[in-house]
Structure formats: structure tokens, C-alpha cells
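Biologist: I have a fold open on my screen and want to learn how to read it. Can you walk me through it, feature by feature?

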Amino acid sequence: MTEEYSFPPFEEEIQNLLGKFGGKRMETYRGEDITPLWDLKGEGLPWSYKYLYAAPKLEKIVLSVQSFRDKLMSYGAGIWPDDEHALPIFNAYWAESAKGSYFIVDFYPTADCICDIPYMEKYLEPLEDICNRGMDYFPGLGSGRNPNWFKALVSPYCLSGDFSPSTKETQQKVLELMTTYLTIYHDLWEKDTPRDSEYMKPLNRRKDAIKENFREKDPGGFMMVKAVGQELAELGLRALF
């Protein structure tokens, strides 16, 4: 008998882990009211939300879930460190439908790792085992078929790729990768302490450059413009990145 398709429990699993950061939902971000993002509907978008949370050591935690015609789910979670902490940027993105999946999970380094090997050893090497497991689950993964600017910002432990069809087994594996990366990030966050302001200057410049590139080049932006209009789509990008 053919397996009946259903969407994965991304929201429940990720929200449980994000709750460990003790964040408080934000109503404004950088002076802008972001409550319109809590309940977005539009053409081909029966429901969606984007929530931002404030937490110690972090600029923001982002959780985004979007349903396109109830046939394609777009899931996203991001964690951005504040300007005093050298933590990497956690990112998990998953586009999921019965026809197939596309996903990314990584810690985007805020330092230039070849110039700062101790940073890589502290913040990225803890991903070694789970990254290798992901490569075993989905041979051929890496930074995937992504544009050059994206490949320039990811870590050596970025897992990204697409496959079809989607099954319960593939869903469980993707979710395992994302929850394990997030658990490791939480462990790093708990132990992290503020760094010297001079050390942080190039890290914050890189973090700002990552934001700018995502805002300008996000490939899903056109779908949101079509669904909710230019103004709300741009607000969503400013909140996400």
C-alpha cells in the first residue's frame, strides 16, 4: 500500500528546542511593528507566520512557517547573535511537499575561519559527527546547487540538497539533522561569553554583509510579493535578516 503523505512535525520539534533559549516574542524590531507578520495570508498563501524572539546573547531568534496552497510548506528557523558574542548564525530552511524536499542546515560563521582557526575549532567542529551522518543519509550533500555568494558564506559543515519523492523516512532524517544542529547550537550558546570589541568588529561586518546579501537576493522573495504585496514582503525580509 502506498504511504499516505503528511507534513513533518517541524513546528513542534523546533519550537520545543527554541523554547530552551528563554526568548520573549518581539512586537517590534528595529523600530518597526512586526505584528502583521504573525498572521499573513494572501494569494496562494492560506496561512503563514513569522515570529521573532529576544533572548540573552542574541539579536533575535526567527521562526517562520508558510503554507503555499496547502501543498508546499516552507519552514525556517534562524538565530542571530548580538554584537558582543562571536556565535555563528544558526540557519535551518526546509521546503517540503509530497513531490520532494529542499533543505539547508548550517552554522554560518561570523569569522573568516582560515584566518581564525580557533573560531572554527570552537564553534564549528562540534558539527563534525552529525554532518558526517547527514552525508551518509543523503550522499552527495554539501553546499548543494546554491549560488556562489551563498557558498561564500556557509561553513564547512553546511548540509544542503534536494531529493524526491519525500517520505516519512526522509522527513525523519531531515528533522533529526536540524534538531541535532540546533541542540549543539544551544550548548554553545549556554557557554558563550562576550568577546573583546576589537575582535568583534570584523565579525559584525561579516554578519551585516550576510544580512544584506540575503535581503537583496533571497530567492523566495518574489513568491511573498505575489502573495502579500511588496510592503509586507519587504517587512518580512527585514525581520528574517
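This is a predicted model: local features need pLDDT of at least 70, side-chain atom pairs count only at pLDDT 80 or more; totals for chains, interfaces and linings use all residues.

Biologist: OK, so how do S4 and S5 pair, parallel or antiparallel?

Modeller: The general idea is that strands of a sheet pair through backbone hydrogen bonds, in a parallel or an antiparallel way. Here, S4 (residues 47-54) and S5 (residues 58-68) are antiparallel, with 7 bridges between them.

Biologist: And what is the strand order in the open sheet?

Modeller: Its 7 strands go S1-S4-S5-S6-S7-S8-S9, with antiparallel pairing.

Biologist: Let's zoom in on S7. How many bridges does S7 make with S6, and how many with S8?

Modeller: S6 and S7 are joined by 7 bridges and run antiparallel; for instance, Met73 has Glu96 in S7 as its bridge partner. On to S8: S7 pairs with S8 over 9 bridges, again in the antiparallel sense. A hairpin of 2 residues links S7 to S8, and Ser97 has Gly100 in S8 as its bridge partner.

Biologist: How many residues of S7 are buried?

Modeller: 8 of its 9, so S7 is mostly covered. As for helices over the strands, H1 (residues 10-18) lies across S4, S5, S6 and S7, at about 170 degrees to S5. H6 (residues 197-217) lies across S5, S6, S7 and S8, at about 160 degrees to S6.

Biologist: Now helix against helix. At what angle do H3 and H5 pack?

Modeller: Two packed helices are described by the angle between their axes and the distance between those axes. For H3 (residues 128-137) and H5 (residues 168-191), that's about 170 degrees, with the axes 10 Å apart. The pair is therefore roughly antiparallel. In the contact, H3 residues including Ile130 and Tyr137 meet H5 residues including Leu177 and Tyr181. By type, the contact has 6 nonpolar, 2 polar and 3 charged residues.

Biologist: Last one: which residues touch the most other members of the largest nonpolar core?

Modeller: Phe21, Phe90, Phe103 and Tyr181, out of 51 residues. H5 gives the most to this core, with 10 residues. Take Phe103: among the residues it touches are Trp94, Phe138, Leu159, Val174 and Met178. Another core, of 29 residues, lies apart from the largest one, and Phe68, Cys158, Met224 and Leu237 are among its members.

Note on methods
Residues are numbered from 1 along each chain as its sequence is written. Side-chain values use heavy atoms; hydrogens and water are left out. Axes are lines fitted to C-alpha atoms, for helices over the stretch in contact, and angles run from 0 to 180 degrees between N-to-C directions. Helices (H or I, at least four residues) and strands (E, at least two) are DSSP runs, numbered from the N terminus. Angles under 35 degrees count as roughly parallel, over 145 as roughly antiparallel, 65 to 115 as roughly perpendicular and the rest as oblique. Contact means heavy atoms within 4.5 Å. Ala, Val, Leu, Ile, Met, Phe, Trp, Tyr, Cys and Pro count as nonpolar, Asp, Glu, Lys and Arg as charged, and the others, Gly among them, as polar. A nonpolar core is a set of buried Ala, Val, Leu, Ile, Met, Phe, Trp, Tyr and Cys residues joined through side-chain atoms within 4.5 Å. Buried means under 20% relative accessible area, exposed over 50%, partly exposed in between (1.4 Å probe, protein chains only). Two strands pair if DSSP finds at least two bridges between them. Lists of a residue's contacts leave out its neighbours within four places in sequence.
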